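Welcome! Here is a short briefing to read alongside the sequence and the 3D view.

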Amino acid sequence: MARIKAKRVGFRLDMTPMVDVAFLLLTFFMLTTKFRPPEPVVIDLPSSHSEQKLPESAVLTVMVSETDALFMGISSQSSREVLFNAAIRPKLEAAGYTEPAVRDSLAHFRLAETFPVEREELSRFVTMARYADHGLRPVVRADANAGFEAVNHVISVYKNANLLTFNLVTVMEKGAR
Amino acid sequence: MGMVDGPGERRGTKKKQRRRRRIGFSLDMTPMVDVAFLLLTFFMLTTTFSKSNTMEINIPPATGEVRVAGSNVMTLRITDNAVAYCSLGDERPLRIPLYDAHDPRKFSLSNDLRSLLRRETTANSKLVIVVKISDRARYRNLVDIIDELNLMKIDRFSLDDYTPEDDLFIKKFA
């Protein structure tokens, strides 16, 4: 026993290959990680067996929280700016905001992944967003326990905006069948 | 830790030997590897490759009608307490719970409802299922029904508004 221990005193292992692999993986994970944007509310998505993936770009999301509050999000910043100029700027100017204040809120709006929307205004916002970018893919991201009435409102807004094909966001079902 | 264990004792010897000094040069990489692995672990554990799944649905346009014979229509009315009322045409609706009572997680629709859907669609290939969900029901119900219909490869279904007449219709037979 004592002799074996004595052997290991000057022991050296070439760590280079391991370090190479470690850095390779590290680089891979660092480059592929995309941090999830902060969500305004926690949404407990319903589960389904669907395996279709959500497209990453050009998405118009309407979120419905558990308390039936509505949030809207557009994936591209330029569309957000168009939407801001069309829908929000007139309102701010009418409320007596100065030009720098409007510009400030535009900068804020461009960076906001989602923003709350009033029920009555949703239709106008969806129409404006569609006007900003025709290729936007409408998506409903609703909490499993949201009331159907609120979700139905979103669906009818899409319907009136002539967005007849849309996606419902779900998560993969964990229970085996 | 953190020391350069090169042949330091030779430092300050003749200049001729400077080049030779680097032959046996080794740097203690342990701290760097420690940090690398720490970051690697962090990124590996925080990365989730799960992109959300979606279900695509098509809804009929607000204007324009498709006429279907009444006998080919099965109406599925979902009320707020997760009970489905299935009726062929204007027949008396069958009252079936949407979820099995012993399935607390409510992953799938009840066996009764599934077997009914399967039976009716195989019996009549022209059957159109109209799903009407009460405003007081949950969004979960909609997703579960569409998911189930997708799994059964039933694509002849559509969503319709739940009106007070539907309430009356259910009450009439209750």
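**A covered strand and a helix**

Both faces of β4(A) are covered: A:L70, A:M72 and A:I74 are buried on one side, and A:F71 and A:G73 are buried on the other. Buried means under 20% relative accessible area, with exposed over 50% and partly exposed in between, using a 1.4 Å probe and protein chains only. This is a predicted model, where local features need pLDDT of at least 70, side-chain atom pairs count only at pLDDT 80 or more, and totals for chains, interfaces and linings use all residues. Residues are numbered from 1 along each chain as its sequence is written, and chains are lettered from A in the order in which they are written.

**Strand β4 and its partners**

- Strand β4 of chain A spans residues 70-74; strands (E, at least two residues) and helices (H or I, at least four) are DSSP runs, numbered from the N terminus.
- Strand β3 (residues 59-64) of chain A pairs with β4(A) in the antiparallel sense over five bridges; two strands pair if DSSP finds at least two bridges between them.
- Opposite A:L70 in β4(A) stands A:V64.
- The hairpin of β3(A) and β4(A) has five residues between the strands, and A:D68 takes a positive phi near 65 degrees there.
- β4(A) also pairs with strand β5 (residues 115-117) of chain A, antiparallel over three bridges, and A:M72 has A:F115 as its bridge partner in β5(A).

**Helix α6**

- Helix α6 (residues 148-160) of chain A has 13 residues.
- Buried residues in α6(A) include A:F148, A:V151, A:I155 and A:Y158.
- After α6(A) comes A:N162, with a positive phi near 65 degrees.

Key
Heavy atoms only, no water. Expected span 1.5 Å × (residues − 1).
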